[in-house]
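Please read it with the sequence and the coordinates at hand.

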Amino acid sequence: MGSTHHDPPADRPPGGEPRRDLLTRLAALTCGGLATLPPVLAGVWTFLDPLRRKGAAAAFHPVAELEAVPDDGLPRRFPVVSDRTDAWTGFASDPIGAVYLRREKGSETVQALSATCPHAGCFVEVDPQEKCFRCPCHNSRFAIDGGIVPPSPSPRAMDELECRIGPGGEIEVQWQNFYTGIAEKKARS
Ligand code: FES
């Protein structure tokens, strides 16, 4: 009677307000921490990206069906595409280079040549009349099998790539980038 003391409600323990406040703050801190996690991980992933690309560079990539390369001895150009996915994102197919594929009459053996000029990295083109490759940048000329035709500023022949026919009949090429401007065919690591 006339007392000024108020008991806390049954659902609130004595001192409940400060404790709930503390819990709310902890939850907010935790959420804030989680919110910063994806950007941090994305940063790490971006940092690792060149390493992942390096691993993918030496892999075999399906490039074309065997029937897509006519057996007339003339090279056909195809893009080399790498599919990349990670835990968060499905990346669009990523072109990483281009190759020329060629096969002779009645043969299932395919020759794969990198379309990158060994001189300074331009894309070489096919001259179907002369049955050879030409580079538009500094006029290097290559035979249809990739051999160098002098006089050409390129220090070496076109870079041949390993290729194989996959179980489904598709041509798979082991894509690699090589250093340009040097006589040695040296893969970039
Ligand atoms: S880049 Fe091809 S000739 Fe120079």
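A search of the whole structure finds one disulfide, the term standing for a pair of cysteine sulfur atoms within 2.5 Å. The model is a predicted one, in which local features need pLDDT of at least 70 and side-chain atom pairs count only at pLDDT 80 or more, whereas totals for chains, interfaces and linings use all residues. Residues are numbered from 1 along each chain as its sequence is written, and side-chain values use heavy atoms, with hydrogens and water left out.

**Disulfide and cysteines**

- The disulfide is formed by C122 and C137, whose sulfur atoms are 1.9 Å apart.
- The pair links distant parts of the chain, 15 residues apart, with C122 in the loop between β4 (111-114) and β5 (125-127) and C137 in the loop between β6 (132-134) and β7 (141-143); strands are DSSP runs (E, at least two residues), numbered from the N terminus.
- Because the torsion about the S-S bond of C122 and C137 is about -95°, the disulfide is left-handed.
- C137 has 37% relative accessibility and therefore counts as partly exposed, a class lying between buried (under 20% relative accessible area) and exposed (over 50%), with a 1.4 Å probe and protein chains only.
- C132, at 3% relative accessibility, counts as buried, while C163, at 22%, counts as partly exposed.

**Salt bridges**

- The structure holds eight salt bridges, each defined as a side-chain nitrogen of Lys or Arg within 4 Å of a carboxyl oxygen of Asp or Glu.
- In one of them R134 pairs with D127, the closest N and O atoms being 2.9 Å apart; R134 is partly exposed at 34% relative accessibility, whereas D127 is buried at 14%.
- Another salt bridge joins the side chains of E130 and R141 at 3.5 Å, N to O, and this pair links distant parts of the chain, E130 lying in the loop between β5 and β6 and R141 in strand β7, eleven residues apart.
- Both partners count as partly exposed, E130 at 46% relative accessibility and R141 with a relative accessible area of 28%.
- The side chains of R164 and E172 also meet in a salt bridge, at 2.6 Å from N to O; R164 is partly exposed at 42% relative accessibility, and E172 is buried at 11%.
- Through salt bridges that share partners, D127, E130, R134 and R141 are joined into one network.

**Nonpolar cores**

- The largest nonpolar core has 15 residues, of which V63, F78, V99, L101, L161, I171 and V173 touch the most other members; such a core is a set of buried Ala, Val, Leu, Ile, Met, Phe, Trp, Tyr and Cys residues joined through side-chain atoms within 4.5 Å.
- At least two residues of this core come from each of β1, β2, β3 (94-102) and β11 (170-174).
- Apart from this core lies another, of ten residues, among them A98, L113, A115 and M158.
- Leaving aside residues up to four places away in sequence, V99 touches residues including V63, F78, L161, V173 and W175, where contact means heavy atoms within 4.5 Å.

**Surroundings of G73**

- G73 lies in the loop between β1 (60-65) and β2 (76-82) and, at 10% relative accessibility, counts as buried.
- Not counting residues up to four places away in sequence, G73 touches R102, R103, E104 and I144.
- G73 and K105 are 32 residues apart in sequence, while their C-alpha atoms are 6.8 Å apart in space.

Conventions:
Helices (H or I, at least four residues) and strands (E, at least two) are DSSP runs, numbered from the N terminus.
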